[in-house]
Structure formats: structure tokens, C-alpha cells
Amino acid sequence: MKVLVIGGGAREHALCRSLSQDPAVTELHCAPGNAGIAQVATVHPVDQLDGAQVAALAERLGAALVVVGPEAPLVAGVADAVRAAGIPVFGPSAAAAQLEGSKAFAKDVMAGAGVPTARSYVCTTAAEAAEALDAFGAPYVVKDDGLAAGKGVVVTSDRAAALAHAASCERVVIEEYLDGPEVSLFAITDGTTVVPLQPAQDFKRALDGDEGPNTGGMGAYSPLPWAPAGLVEEVLETVLQPTVDELRRRGTEFSGLLYAGLALTSRGTRVIEFNARFGDPETQVVLARLRTPLAAVLLAAATGTLDQLEPLRWDEGAAVTVVVASEGYPAAPRTGDPIEGLAEAEADGTAFVLHAGTKTGEEGQVLSAGGRVLSVTATGADLAEARGHAYAAVDRISLKGGQHRTDIALKAATA
């Protein structure tokens with residue numbers, strides 16, 4: 001099978017790494033890719049938001065499956081263009097991707113499906129926003145209605161900051177604060193059958209102790225030893241399957257990766273948000289534990305045959321990923337610096353480095369090219385071991401001004 005992956009971040013590197021290890025994959029391509037992905041796949045320049053370009057590339061390569069990684073191409077309709085060309089594609093249509101593209105649409109779908117979530121108001125004026133903030137009280141939760149690359153949510157006890165964020169967006173969803181730990185649960189679906197993956201937890205804040213600004217994610221781990229028994233089954237029954245069924249009922253079938261961001265509150269499990277693609281950095285740890293070859297699973301979702309799939313197989317151990325970010329991230333990331341020690345980080349076989357924001361320099365060196373630069377991922381018999389391997393690998397990498405959190409999975413590993 002020839003597979004084409006669209007995207008160029010650590011999530012796509014994780015997908016390409018897993019696909020490259022699948023014996024069924026005879027050729028692996030990625031567009032536009034990055035310096036790390038180029039080591040396991042043939043990379044191609046492409047405007048990943050241009051459906052016609054992506055479909056033409058897939059046709060030229062003779063791809064049997066196209067996997068769309070990021071959310072922006074999905075919302076832009078890239079999967080629709082590939083489907084129209086008659087090529088199986090893993091990723092929802094533009095209409096179904098509104099589940100991530102519009103927080104208001106997602107709330108409407110959840111209401112129709114009876115999915116438990118936070119009470120909320122959709123606001124378009126400063127007066128509406130102020131009224132909604134006062135209705136719920138602090139801490140305030142203000143979400144940009146559109147795509148914001150994981151940075152459109154402000155949670156603060158500062159009313160002025162909450163109002164300022166609302167004013168910077170055309171339309172916002174203001175909702176009640178959900179207490180309790182957060183969980184990311186992915187599910188693969190063909191629009192009818194839903195197959196949940198293993199849960200993970202990520203770390204959104206830039207600094208240790210969940211301090212600092214919100215980011216796209218500074219690390220993740222799986223499994224969650226503290227999660228209640230039966231959580232995956234409960235979420236499948238009360239969240240994932242009802243949402244897929246509701247979208248199908250509306251004539252907006254969702255095929256691809258449905259990502260539920262959950263809060264385990266004092267009043268039960270609640271959905272914080274939905275995403276329409278694999279999450280980053282949770283994908284890095286979830287795929288590190290998946291033992292079932294990936295290509296057949298994604299192809300089954302793309303061709304409506306998930307009900308014929310055997311149960312997924314998982315490694316019983318743990319995985320931890322630590323994000324190495326550039327100086328100044330997330331406000332003003334510095335780029336163009338050489339990255340040293342990548343081979344040394346992987347030398348003992350306990351960790352591997354997934355590239356997020358990298359490029360190849362003129363002399364062949366790997367340079368930083370984004371805010372989140374690397375996802376250093378490791379496995380182990382348990383979280384403590386996986387965490388030790390990950391941080392040992394991080395210590396071998398050199399990036400001028402590079403930053404990372406030192407407490408990824410710490411509480412879970414020492415509980």
C-alpha cells in the first residue's frame with residue numbers, strides 16, 4: 001500500500017513512524033513533511049490547505065490511502081477533494097470537521113446527542129460576553145469559536161483578561177468552568193462504528209506546575225493509572241458513539257479521528273471540546289503503545305469497514321513525550337538555530353525523537369523552524385521508567401535557548 005500523509009508536525013512524524021513500521025506499507029510519502037519525517041518518508045512540497053493540489057499529488061503518487069493530519073486542511077475541505085478523486089482518505093469532510101472548526105456547532109451537536117458538557121453561551125458582542133462571564137463567575141472560560149491552533153482558549157480569574165480575549169475574537173463561547181483532571185480520548189470511526197484508543201493526558205501550560213501561558217501542548221503520557229475503571233467504555237457509550245450517530249442523523253457523517261477532550265468533574269465526565277484529528281502531543285504516546293499495524297486501521301475507517309477489524313492490541317507498558325520548545329515560545333518563538341544531539345538521544349533505543357518545527361539547513365544540519373521543535377518520546381515498563389528514558393534523551397539534545405517542562409507525568413509516575 002502506498003500512503004500519503006498530509007502535514008509537517010510531530011503528530012505527522014508519529015503517524016509516519018508508525019506507518020513506516022507497518023509491513024503493509026510499501027511506499028510512504030508526506031507533504032510537506034519536515035527534517036525528521038524525511039528520514040522515514042519521501043517528502044513533497046505542497047500547499048496543505050489546497051485540496052486540488054493534495055488530490056493531484058495523491059493521484060500522481062498512486063496513493064491507496066491519504067491521511068490528513070492537521071485540523072486546518074480538514075476544515076478547508078482537503079479530505080473532500082481527495083474523496084472526490086476516488087482515493088480513500090482518513091479525515092472528516094469540511095462539514096463534519098466543523099465539530100472542531102466551530103465551538104458553537106460542537107455545542108449544538110452535543111445538545112442533539114445528549115452528550116454531557118459544560119453549560120455555555122455563544123457571544124458576539126462585548127455586552128453579551130460581560131453578561132455571560134457574570135452568569136458563570138470565576139474562573140472564566142472563554143473560547144474562540146474558530147480554529148486557533150490550540151491557543152484560542154483562555155481560562156482565568158481575571159475578568160478584564162477574559163473580556164479582552166472575548167473582544168479579540170469575532171465570536172466566542174463562554175462556559176462554566178469544569179473542575180477535575182483532564183483526559184484526551186481518541187476514537188477512530190468510519191461514521192458508524194467507533195473504535196476508541198487508549199486515553200492520554202497532555203500538559204497545556206508552558207511552565208512547570210501548570211504555570212505560564214497556554215500552549216499547543218508541552219508533553220503527554222499514557223496510560224493513566226489514576227483514571228477510573230471503565231472510563232473508556234463509559235465515554236464510548238455516552239460521548240463518542242452518540243456524537244457519531246448524531247452527525248450521521250444530520251447527514252454530516254464523520255469519518256476519521258474523533259478526539260474528545262474530557263474533564264472528570266465532581267459531577268461526572270464532561271466534554272470540554274471535540275477535535276477532528278489526532279491530538280498533538282498525545283498522538284506521540286498513544287501510537288507508541290499501539291501494537292496493531294496502523295495502515296489497515298486507518299484504511300478501514302476510510303472505507304467503512306471498521307466493523308470487520310479485530311480488536312486493537314496495546315503494549316502493556318507506558319509512554320511519555322516531552323516537548324522541546326524554542327526560546328520565546330509561545331509568544332515569540334526564535335527559529336533558525338541548529339539542533340545537536342539527536343542521534344545521541346536515540347542511541348540506547350529507549351527513546352525516539354519526533355520532529356515538530358524543524359527544517360534541513362543548506363549544509364544538511366537540522367534547524368529549528370517553529371515554536372514546538374521536538375517531541376522526545378520514550379517507552380518503559382511503567383511511567384517512571386518511560387519518564388526517566390524521555391528526560392535522559394532530552395538532556396542529550398542541545399538547542400540554543402530551548403525550553404521544556406521538567407514535570408511531565410511526574411505526579412502520575414510517583415502516585
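Ala 409 lies in the loop that runs between β24 (398-399) and α14 (410-414). Helices here are DSSP runs of H or I with at least four residues, strands are runs of E with at least two, and both are numbered from the N terminus. The model is predicted: local features need pLDDT of at least 70, side-chain atom pairs count only at pLDDT 80 or more, and totals for chains, interfaces and linings use all residues. Residues are numbered from 1 along each chain as its sequence is written, and side-chain values use heavy atoms, with hydrogens and water left out.

Ala 409 is not a glycine, yet its phi is positive, near 65 degrees. With a relative accessible area of 1%, Ala 409 is buried (buried is under 20% relative accessible area, exposed is over 50%, and partly exposed is in between, using a 1.4 Å probe and protein chains only).

## Positive phi at Asp 210

Asp 210, likewise a residue other than glycine, has a positive phi of about 55 degrees. The loop between β13 (205-207) and β14 (211-214) holds Asp 210. Its relative accessible area is 47%, so Asp 210 counts as partly exposed.

## Cis peptide bonds

Ala 31 and Pro 32 are joined by a cis peptide bond, with omega at about 0 degrees. Pro 32 belongs to strand β2 (residues 27-32).

A cis peptide bond also leads from Asp 280 to Pro 281, where omega is near 25 degrees. Pro 281 sits in a loop, between β17 (268-275) and α10 (282-289).
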